[in-house]
Amino acid sequence: MHLTHLSLADFRSYAQVDVALDPGVTAFVGPNGQGKTNLVEAVGYLATLGSHRVSSDAPLVRMGAERAVVRAAVRQGERRQLVELELNPGKANRARINRSSQVKPRDVLGIVRTVLFAPEDLALIKGDPGERRRFLDELITARTPRMAGVRSDYERVLKQRNTLLKSAALARRHGGRSMDLSTLDVWDQHLARAGAELLAQRLSLIAALQPLADKAYEQLAPGGGPVTLEYKPSAPGGAETRDDLFEQLMGALGGARKQEIERGVTLVGPHRDDLLIRLGRLPAKGYASHGESWSCALALRLASYDLLRAEDPWAPQHGPTPSAPPQEAAADASSTASTAPSAEGRRPGEPVLVLDDVFAELDARRRERLAELVAPGEQVLVTAAVDDDVPAVLTGRRYAVADGTVERI
Ligand SMILES: Nc1ncnc2c1ncn2[C@@H]1O[C@H](COP(=O)(O)OP(=O)(O)O)[C@@H](O)[C@H]1O
Ligand SMILES: [Mg+2]
C-alpha cells in the first residue's frame, strides 16, 4: 500500500500542510527543527494510533490549538481509501473512513501500515523492557488489528487490579481490617484471559521474527551474528497455547498473591515480561557496541518489514480468533499464505517504510546496506538534514522542509 496524499491541520508545528505523495522514494530534507519528523510522525500515528516519540497525544496538537487532524489518501492496489483522525487530548479521538464518521479510531488500524526506523530505535536494544514490549505489541497490532482491543482490555484490567491491590496493601499497613479479596479472584481471571491471548501472540510473533531478524543482521553486518530472540516471561512454564498460557498465568498469580498484596502491585503478566536479544552468545543489552546495537535495532525493523509485507492485512483477520475453532483458524492461515502479489508485482499489504533521520547515525557501510535493502519498497519516506545524508540508491522525489512549509524541489 502507499499514501497518495497527507494533510495535517494543527498537528505539531503545522497549522496546515498538504503533501502529495507517490510510490517509490520521497525524501524530506531540511535543517533540524523544521518539521521533518513531525510529518512522518503523523504517518506513523495513522498506523499505530500513537507517536513513536511521545506517549500522550497532547504534544501532537499545535501549541494553542484545541485539536489536530491527520488525513491521508491511501492506495492499495486498485482500492482507494481516505482515512482521517482527529486528536482531542483529554477527550475521545475521532475517526473517519471514506468520510463516514460511523467508525472508531481503532477501525482505522490496518489501513495504513508502516515500519518506522528512527533514532529512538536504539532504545529497543539499550532501553527498558517496556520499549521491547511496545515493539512487540505494536507489531502484533499491525499483523492483527483486533489485538488493539485485547491490549486495551489488558491495560484496563491491570489498572483496576492494581488499584484493588494498592488499597489492600494500604489497609494492611495501617493495621486495618484485611479487605475482602474475593473480587481479586475475578480480576485474576480477566487478567489471565487477556494476558494469555497477548502472550500467545507475542510467542508466535517472536517465532516468526527470529529467522528474519537473523537474516537481516547478516545482511547489515555480515558475520556478526547470529541474532537470537528469546521471550522472558514473568510467569515461566513453557506453555504455548492460549489455554495453557491462561492456566500458567493463573498459577503464577496464585503463587504471587501474598507478595502482591504486600507490595500493592501486579507482579506477573505480560506487562512484566521482556524480550532477550542475543548477539552471538551475549545479550545485546549491556554487551553490544554502539554500532552493533544499531545494526540489531535496524535488523528488528527490517524483520518487521519482511513479516508485514508477507501478510495481507486486508484479509479478514490473522491468526486464530478467540472464538474460532481450529479448522477455521487453519483456513484463515492458508488464505493468508496464498495471497498473490498484485498486478504491479507488489504484495497487497506491503507497508510504507519510514526512515526518520537514520542515515546520519550510521557508518558508510551500514548506510549503503540499509539503503539497498529498503530501496525496492513500494513507498519509502526518508527524512534527512542534508541531501548528502540520503544514499544515492534512494532516488526519488525531494521536498524541502523549512519553517512549517513543505516545498517540492
Ligand atoms: N505541539 C507543537 N506545537 C508547535 N510546535 C511544535 C509542537 N511540537 C513540536 N513543535 C516544533 O516542531 C519542531 C520540531 O520538528 P521536528 O519535525 O521534530 O524537526 P526535524 O525537522 O528536526 O525533524 C520544533 O521546533 C518544535 O518546537
Ligand atoms: Mg527529526
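The legends below describe close-up views of a predicted model, from the overall chain to single residues.

Local features are reported at pLDDT of at least 70 and side-chain atom pairs at pLDDT 80 or more, whereas totals for chains, interfaces and linings use all residues. Residues are numbered from 1 along each chain as its sequence is written, chains are lettered from A and ligands numbered from 1 in the order in which they are written, and side-chain values use heavy atoms, with hydrogens and water left out.

**Figure 1. Overview of the chain.** The secondary structure comprises nine helices and 15 strands; helices (H or I, at least four residues) and strands (E, at least two) are DSSP runs, numbered from the N terminus. Of the 409 residues, 50% are buried, where buried means under 20% relative accessible area, exposed over 50%, and partly exposed in between (1.4 Å probe, protein chains only). The accessible surface is about 18400 Å², and carbon and sulfur atoms contribute 51% of this area. Accessible areas come from the Shrake-Rupley method with a 1.4 Å probe, and for residues only the protein chains shown count as cover. Contact means heavy atoms within 4.5 Å; among contacts between residues at least 6 apart in sequence, 70% join residues at least 24 apart.

Figure 2. The ligand has 15 residues around it, of which Gly 33, Thr 37, Asn 38, Pro 59 and Val 61 come nearest; a residue is counted here if one of its heavy atoms lies within 4 Å of the molecule. The shell consists of four nonpolar, seven polar and four charged residues. In this division Ala, Val, Leu, Ile, Met, Phe, Trp, Tyr, Cys and Pro count as nonpolar, Asp, Glu, Lys and Arg as charged, and the others, Gly among them, as polar.

**Figure 3. Polar contacts of ligand 1.** A polar contact is a pair of N or O atoms within 3.5 Å; within protein, one must be able to donate a hydrogen and the other to accept it, and residues adjacent in sequence count only if both atoms are side-chain atoms. A nitrogen atom of ligand 1 lies 3.2 Å from a backbone N or O atom of Arg 12. A polar backbone atom of Gly 33 is 2.7 Å from an oxygen atom of the ligand. The side chain of Arg 53 places an N or O atom 2.8 Å from an oxygen atom of ligand 1. Taken alone the ligand exposes 580 Å², and the protein buries 70% of that.

Figure 4. Side chains of opposite charge can pair when their charged atoms come close. A salt bridge is a side-chain nitrogen of Lys or Arg within 4 Å of a carboxyl oxygen of Asp or Glu, and the count by this rule is 30. Arg 96 and Glu 84 form one such pair, with an N to O distance of 3.2 Å. Arg 96 belongs to strand β6 (residues 94-97) and Glu 84 to strand β5 (residues 79-87), twelve residues apart. Arg 96 is partly exposed at 30% relative accessible area, whereas Glu 84 is buried at 11%. In another salt bridge, the closest N and O atoms of Arg 94 and Glu 86 are 3.5 Å apart. Arg 94 is exposed, with a relative accessible area of 53%, while Glu 86 is buried, at 14%.

Figure 5. A salt bridge joins the side chains of Glu 197 and Arg 146 (2.8 Å, N to O). Glu 197 lies in helix α5 (residues 182-220) and Arg 146 in the loop between α3 (129-143) and α4 (147-173), so the pair ties together parts 51 residues apart in sequence. Glu 197 is buried, at 10% relative accessibility. Val 150, in helix α4, is also buried, at 8%.

**Figure 6. A network of salt bridges.** The linked residues are Arg 161, Asp 185, Asp 188, Arg 257 and Glu 260.

Figure 7. Gly 35 is in the loop between β3 (24-29) and α1 (36-48) and is buried, at 8% relative accessibility. Gly 35 touches Ser 13, Tyr 14 and Val 401, not counting residues up to four places away in sequence. Gly 35 and Gly 404 are 369 residues apart in sequence and 6.3 Å apart in space, C-alpha to C-alpha. Ser 295, in helix α7 (residues 290-309), is buried at 0% relative accessibility. With residues up to four places away in sequence again left out, Ser 295 touches Tyr 217, Leu 220, Ala 221 and Arg 366.
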